[in-house]
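The sequence and the coordinates are shown first, and the description follows.

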Amino acid sequence: MIDLKEIFKSSEKVNVEVKAAQGGIPNSIWETYSSFANTFGGTIILGIGEDKETKKFIPMGVPNAEKMISDIWNIVNNSQKVSRNILLERHVYVEQYESKDYVVIEVPRAARTSKPIYIGTDMFKGSYRRNHEGDYLCTEAEIKTMIRDSLDTSADSAVLDNVGMDALNSDSIKSYRT
């Protein structure tokens, strides 16, 4: 569980994103979902506004938290909207603060075998990564790296047949042993 009192004392970070969400679930949370999943994980809180100049959080709450949670589950399980659901029941919940409801989504870091997590149906147009306080579209090279790393066996664990000791650099071996 998250401590909203502490959140209101801070500002957005690499692992915390807030959205006012007064008109329902903002589409931009899915970019954040993708970026958190593809990097180190993080927490999205719906019902908190942010003053653009001072960067201070504004407690607003959400009008119908239970419906919003139901809508989140419907969207995250729709493969046309999100490539993969990595959330468990305990990751999406309602927190109360000063008699207002807030929806909290704790996005875990995706397993390397599940990446990239993307929005829409095109991984090259919907894969995001998190840097500082922002969600940024992944480059083609970053996406290809995630795909390569998602294989069950990594390239460096393959056994090379018919390769003898003469293929190794003796200076490198000495350096490694030292």
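Is Ile147 buried, partly exposed or exposed? With a relative accessible area of 33%, Ile147 is partly exposed, where buried means under 20% relative accessible area, exposed means over 50% and partly exposed lies in between, for a 1.4 Å probe and protein chains only.

The model is predicted, so local features need pLDDT of at least 70 and side-chain atom pairs count only at pLDDT 80 or more, while totals for chains, interfaces and linings use all residues. Residues are numbered from 1 along each chain as its sequence is written, and side-chain values use heavy atoms, with hydrogens and water left out.

**Overall form**

The protein chain contains 6 helices and 8 strands; helices (H or I, at least four residues) and strands (E, at least two) are DSSP runs numbered from the N terminus. Their order along the sequence is α-β-α-β-β-β-α-β-β-α-β-β-α-α. The radius of gyration of the protein chain is 21 Å, whereas a compact globule of 178 residues would have one near 16 Å; this quantity is taken over C-alpha atoms, and the globule rule is 2.2 Å times the number of residues to the power 0.38. The C-alpha trace spans about 70 × 35 × 30 Å along its principal axes.

Of the 178 residues, 39% count as buried. The protein chain exposes about 10900 Å², and carbon and sulfur atoms supply 49% of that area; accessible areas come from the Shrake-Rupley method with a 1.4 Å probe, and for residues only the protein chains shown count as cover. Among contacts (heavy atoms within 4.5 Å) between residues at least 6 apart in sequence, 67% join residues at least 24 apart.

The protein chain carries 22 positive and 26 negative side chains, and the centres of the two sets lie 2 Å apart. Lys and Arg count as positive and Asp and Glu as negative, without His and the chain ends; the place of a charge is NZ of Lys, CZ of Arg, CG of Asp or CD of Glu.

**An aromatic cluster**

The structure holds 3 aromatic pairs. Rings of Phe, Tyr and Trp (its six-membered ring) pair if their centres lie within 6.5 Å; planes under 30 degrees apart count as stacked, over 60 as edge-to-face and the rest as tilted. Phe8 and Tyr97 form a stacked pair, with 4.9 Å from centre to centre and 25° between the planes. Because Phe8 lies in helix H1 (residues 4-8) and Tyr97 in strand S5 (residues 92-97), this pair ties together parts that are 89 residues apart in sequence. The rings of Phe8 and Tyr102 have their centres 5.9 Å apart and their planes at 70°, so they form an edge-to-face pair. Tyr102 belongs to strand S6 (residues 100-107) and Phe8 to helix H1, so their pair joins parts 94 residues apart in sequence. Ring pairs link Phe8, Tyr97 and Tyr102 into a cluster. The accessibility of these residues is listed below.

| Residue | Relative accessible area | Class |
|---|---|---|
| Phe8 | 16% | buried |
| Tyr97 | 19% | buried |
| Tyr102 | 0% | buried |

Helix H2 is mostly covered, with 9 of its 11 residues buried. Among these buried residues are Trp30, Tyr33 and Phe36. Thr39 is placed in the loop between helix H2 (28-38) and strand S2 (42-46) and is buried, at 12% relative accessibility. Residues up to four places away in sequence aside, Thr39 touches Arg109, Lys115, Arg129 and Arg130.

**Pro116 and Ile147**

The peptide bond from Lys115 to Pro116 is cis, with omega near 0°. Pro116 sits in the loop between S6 and helix H4 (123-126). Ile147, in helix H5 (residues 140-149), is in contact with Pro116 and Met123 when neighbours within four places in sequence are left aside. The C-alpha atoms of Ile147 and Pro116 are separated by 6.8 Å, and the two residues are 31 residues apart along the chain.

**Backbone exceptions**

Most residues other than glycine have a negative phi, and most peptide bonds are trans. Lys55, although not a glycine, has a positive phi of about 65°. Lys55 lies in the loop between strand S3 (48-50) and S4 and is partly exposed, at 39% relative accessibility. Glu98 is likewise not a glycine and has a positive phi of about 50°. The loop between S5 and S6 holds Glu98, which is exposed at 58% relative accessibility.
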